[in-house]
Amino acid sequence: MSSGTTGGQDKRALYWLGERLIDYRHPVMIVVLIITGYFAYLSSQLKLETSFGDLLPQSHPFVQIHNKYAPTFGGANNIQLMVEVRDGDIFTVPTLARIYRITEEMDRVYGVNHNQIDSIGHRTTRYLRAQSGGFLKAEPVMLSVPKTADDAAQIKRIVHNTESIYGILVSLDDRAALVRANFIESRLDHRRTFSEINENVIAPFQEGWIGAMIKGRDPLKPDQNAPAVVDTVYRGTAAADAGIKVGDTIVSVNGKPVGNRAELAAAIKPFKPGIELSLGVQRGEAVETAKLMVPERDMDIFVAGEPRLYGWVYSYASDVFWILTVTYCLEWLLRWMYFHDWRGALRPTLTGLIAAFWGLGFVHIIGFALDPLILVMPFLITARAVSHAIQMHDRYYEEFERHKWNQREAIVASFAELFVPTFSGIATDALGVLVIILVPIRMLFNLALVASWWILAITVAELLLNPIVYYYLRAPDPEVVLARDRGWYKALINRVTDWNLSGTGKITVLVFWGVLAIIGAYLMRGLIVGDPTSASPLVWSDSPYNVSHAHIQDKFGGVEPLIVVAEGHDRDAMKDPQVLRTMEKFQRFLERDRDVGYSFSLTDILRAVNMVFHELEPKWGVIPNTSRDVAQTFFIFFSGSPPTETAKYVDPSYTTAHVTFFARNHKGDNIARIIKRCQEFMAANPMDKAEFKLAGGLIGVLAAANDELVRNDLLMNFLGFGTIYIIVLFTYRSWAAGVYLLAPLFISNIIINAAMAVLAIGVNVNTLPLVTVGVGFGIDYGLYIMSRIIEEIRVNGDLELSIREALVTSGKAVSFTAVCMVMSTALWTFSNIRFNAVMGGLLAVWMFVSFVASETLLPVMISYFRPAFILREAARARARQPVAATAAAVS
Amino acid sequence: MGLWESVIIVTVFSIGVIVIDEFIHARRRKRREREGAARVGH
């Protein structure tokens, strides 16, 4: 052991500050507590929500086009609901009736754009009907619920003869129908959308279906409750077998009252097929009991799309509480076992808690909300705060023993000696994460500010309040302090350190990290920007969302829209045959891409109408030759529709329309290829009266986000490392110090990037902040070890001895903090949200790799290369000793 | 599990650890005092 006088002379100001903090402990404590109380109050006001606009780079031209046209042509927030029958086809009365009602319920979900629903059961999905006298009229496919088999057969005929419906809204095998609804971005409420779809759209027609159509709410009186009145009973169903009749009101299920269709479905849903239920049925004034056998499910409903995905993510967000609880309890237990004293468990908790209140309060102040996908971040920051506190507590015990059990001297000495590495660590973490503000995505900007502030808030608890809290707490028993330096843990650290600093150990360490870096550099070439798989990486591949997504993709080819806007230079530009032919050519060109399922544009309507004009002869499915003929054809189709309905195809002045491609997935490399092909086509096919503009829809905005990430990824890495280098430069006043500290960090970074490539984790708006935080957090281990080596060499003057001493003292505390850091994030691997699980696991690996590199590679490098900035401290200490001795003799 | 259940569990757990720790140390102190008194008695 060492330190003491020499260090004390260098850090006089810090010793003085430590003394004053204890002297003025009451006012300092009161001020900090008042501010913390205020932030705690603000924290309680926090909400968990996602603002879709904040995830997009608003200055990107694609996003500007998306924002401009999303209200009319549809945005990125679509829900696709697929109804698939288990036997036969969908063209039966009960199934078509359910599709109609499902569409109706979808239209009532909060935030839906009523004019942007596509379904054979929606008023805006029309077909062209030839009437007597040669008139043609565009009519909705289903005006009302079909009642007879003839109605169903007629709908089947219409679907099969309408190019814009068959294969697009009804599958080619007739077994599935698609309901597509676009949501207004400013009215997105993921939790509400999720529950409304579950309760009102899915349950009554899938698990809660008994074979009778129950009346829903009156559209004109949406707030008025509608009792579960039977509207239709279908033949051969469970409801018919139970004797339920039209006009009956179902008032209870197994004695549990039900007030409407959704409650009835919710009451039936938990029971398995074949179970008999007692339904309370009101007929007139009397209430009778009907025995209903829960039927086998005859139809499946699958729902996909961004609002649905976030709905699932929100439904899993409560994972955070059990993870928090288990992490907290395990960490308390570990700290208690390590320090042999409850104060060692409590003190880091106080630091973490105070920093958390300051951080969360700040989140509220800047008007930011927590996204369920960034919940790992607060854990990581809190774990870092706790780690600093563990270092300090360990040092306090060490100083307590050295200062002959004098509490005040130990408090001041631990404060002064650890001030520099703690503050440098906090500064590198805070400034390292701040570089994310360079990416022009609002969410990342806010996140960088919050994370940076939160990390800086650790200073308050760790440096300002720390000496005071120790002073208030009773000093530990000496036997507790001594026990810390005994036992298997200390013995293990001693043994590993001895091996590490032996000749064989040094060579092994250098070769090991060198080989790992080379392998990592080779593997990291596979790292992708954007999502690397077709399933959503936010939830597990066997989650209900990804299962639904895969089913819909299989049946309909593609569900993720890319909207390319055809912007005319003047009104009526969309009636120009050359513009329309180019749009059609564009569709055929991009449909050849393996990841584009199908496409849709104004020209599909035009060709279909032209064909109807000519007795459905396929050869007439072409675009007319003159603008006049085009205008006439449009008039026939759109004349019976209000502008709000036609606006989803073309604006009322016929200036602007769109071509929408439905992609099979949103893999990062596929998006990049599709966008590149679009740009090639646009460059090769200029139009006189219009031009194509990229790009709206989910694919368009993801392309913009990926574009910004590619542009900024390298820059951020460079700035992240640069920031750390500059802070280290000021801390140790040496150009070389940064190289020594950054080398292990750089190798860790390579290994993590390689792991991301191997585990198929792409760089996107969600992963980027976590990965950037990891860069900064890895440096702290090295800072503590480096500072301790310098501190030791000032006393004993021997480099090898100082390295060893640093590793068995600070290195031991570092190893314990690493265990805590790894555990805090590793528990996230049990999360239902795959993204959080993967990021938690990845950060745990990162923290572990950084720790091992700092404990092995850093000391070996220092031992081998004997850096001048460390050795000069030994020379200075030797020069100072005679002076100090002379001064002592004179006094 | 919700926020308040989580808060209650961690609070109870922390108090539990503190109580157990104090109990263990109190026993050790007593034992030391007894051993010290016995040595003085000799």
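**Strands, a sheet and domains in chain A**

Colleague: What makes β2(A) and strand β5 (residues 176-183) of chain A a pair?

Modeller: In this predicted model, β2(A) and β5(A) are joined antiparallel by three bridges. Two strands pair if at least two bridges link them, so three bridges make β2(A) and β5(A) a pair. Within β5(A), A:F183 is the residue opposite A:V112.

Colleague: Why is strand β2 (residues 112-118) of chain A called mostly covered?

Modeller: Well, a residue is buried if 20 or more other C-beta atoms lie within 10 Å of its own. Five of the seven residues in β2(A) are buried, so the strand is called mostly covered.

Colleague: What makes β14 (596-601) and β16 (690-696) of chain A edge strands?

Modeller: Look at the order first: the open, antiparallel sheet of four strands runs β14-β15-β13-β16 in chain A. β14(A) and β16(A) each have a single partner strand, so one side of each has no neighbour in the sheet. From one strand to the next, the twist averages 20 degrees.

Colleague: Which helix packs on that sheet?

Modeller: That's α4 (residues 61-73) of chain A, which touches β13 (560-568), β15 and β16 of chain A. The directions of α4(A) and β16(A) make about 95 degrees.

Colleague: How far apart are the C-alpha centres of domain 1 and domain 2 of chain A?

Modeller: They lie 58 Å apart. Domain 1 of chain A covers 1-45 + 340-485, and domain 2 covers 59-71 + 559-704.

Methods
Residues numbered from 1 in each chain as written. Chains lettered and ligands numbered in written order. Predicted model: local features only at pLDDT ≥ 70, side-chain atom pairs only at ≥ 80, totals over all residues. Helix = DSSP H or I, 4+ residues; strand = E, 2+ residues; numbered from the N terminus. Axes fitted to C-alpha atoms, helices over the stretch in contact; angles between N-to-C directions. Contact = placed C-beta atoms within 7 Å. Domains from an automatic or database assignment. Buried ≥ 20, exposed ≤ 12 C-beta atoms within 10 Å, placed from the backbone.
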